[in-house]
Amino acid sequence: DQHTVNAREHLLIEVLAGVHCVLVETHDTQPVASQQAIVQNLQARLLLGEGATLQHLRIAKPGAADRIAHHLHARLGRGSHYAQALVASGSGYHLQRSVIELHAERAVAHSAGLLLAADSVLEHQVRISHGAAQTSSTIEDLALARGAARAVVHAHTRIAPGAAGAEVRQRLVGIPTGGQP
């Protein structure tokens with residue numbers, strides 16, 4: 001008899017001006033996957049003060065039948081730095097969405113993802129908005145898929161009028177490792 005566990009979670013992290021922080025976030029539902037399917041909707045909000053630094057390692061390893069949606073919204077202050085590294089595997093439904101706002105001068109954001117999908121679904125969406133001068137962003141994703149997997153990467157960067165000197169870099173790579181992903 002298979003049961004479903006539903007979870008809706010909210011998280012707010014504020015990194016104060018000048019503080020340097022490392023955050024390791026893990027989601028591993030594999031141990032209960034054989035007994036219960038997980039339905040999880042995570043809403044995380046990150047606020048970085050002036051000159052703050054946040055290095056964020058995210059690991060999401062759901063069970064095969066799990067349905068996971070993680071929504072991250074980061075707002076960076078003047079001169080702050082945010083670096084996110086995501087390692088994620090697929091499941092019945094798996095969405096990782098990041099919205100990063102660079103609306104203060106000299107804010108810098110880096111997003112890197114390693115996506116592993118084997119006969120599963122995995123989608124990574126990254127949306128970065130440059131709203132101030134001298135901002136910089138990088139999005140890099142590598143998707144490795146096999147079998148009948150569906151791996152999708154969406155990268156969107158917007159540079160607003162007045163965001164002089166904004167620097168943007170995107171690199172997205174998908175590699176089939178077997179089957180017909």
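Let me begin with a term: a patch is made of residues with over 30% relative accessible area and no salt bridge, where like charges are joined within 9 Å and nonpolar side chains (Val, Leu, Ile, Met, Phe, Trp, Tyr) within 5 Å. What we have here is a predicted model, so local features need pLDDT of at least 70 and side-chain atom pairs count only at pLDDT 80 or more, while totals for chains, interfaces and linings use all residues. Residues are numbered from 1 along each chain as its sequence is written, and side-chain values use heavy atoms, with hydrogens and water left out.

First, the overall picture. Read from the N terminus, the order of elements is β-β-α-β-β-β-β-β-β-β-β-β-β. The radius of gyration is 17 Å, close to the 16 Å that the globule rule gives for 181 residues, so the protein is as compact as a globular protein of that length; the radius is taken over C-alpha atoms, and the rule is 2.2 Å times the number of residues to the power 0.38. Along the principal axes, the C-alpha atoms fill a box of roughly 55 × 30 × 25 Å. Of the contacts with a separation of 6 or more, 88% are between residues 24 or more positions apart, contact meaning heavy atoms within 4.5 Å.

Next, the surface. The accessible surface comes to about 9000 Å², and carbon and sulfur atoms account for 53% of it; areas come from the Shrake-Rupley method with a 1.4 Å probe, and for residues only the protein chains shown count as cover. On this surface, V22, V24, L57, I59, V87, L114 and L116 make a nonpolar patch of about 510 Å². At least two of the patch residues come from each of β2 (20–28), β4 (53–61) and β8 (108–118). V24, which lies in strand β2, counts as exposed at 55% relative accessibility, given that buried means under 20% relative accessible area, exposed over 50%, and partly exposed in between (1.4 Å probe, protein chains only).

Turning to the interior, buried residues make up 43% of the 181 residues. Returning to Y82, its contacts, not counting residues up to four places away in sequence, include L46, L48, L76 and I100, along with H56 and H110.

I128, in strand β9, counts as buried at 0% relative accessibility. Leaving out residues up to four places away in sequence, I128 touches I100, L102, S137, T138, I139, H156, T157 and R158; the C-alpha atoms of I128 and I139, 11 residues apart along the chain, are separated by 8.9 Å.

Now the charged pairs. How many salt bridges does the rule give? The count comes to four, a salt bridge being a side-chain nitrogen of Lys or Arg within 4 Å of a carboxyl oxygen of Asp or Glu. One of them joins E25 and R58, at 3.3 Å from N to O. E25 lies in strand β2 and R58 in strand β4, so the pair ties together parts that are 33 residues apart in sequence, and both residues are buried. Another joins E101 and R75, with the closest N and O atoms 2.6 Å apart; here E101 is buried at 13% relative accessibility, whereas R75 is partly exposed at 37%.

Finally, two loop residues deserve a mention. R106, in the loop between β7 and β8, has a phi near 65°, a positive value in a residue other than glycine, and is partly exposed at 41% relative accessibility. Q134, in the loop between β9 and β10 (136–147), also has a positive phi, of about 60°, although it is not a glycine.

Conventions: Helix = DSSP H or I, 4+ residues; strand = E, 2+ residues; numbered from the N terminus.
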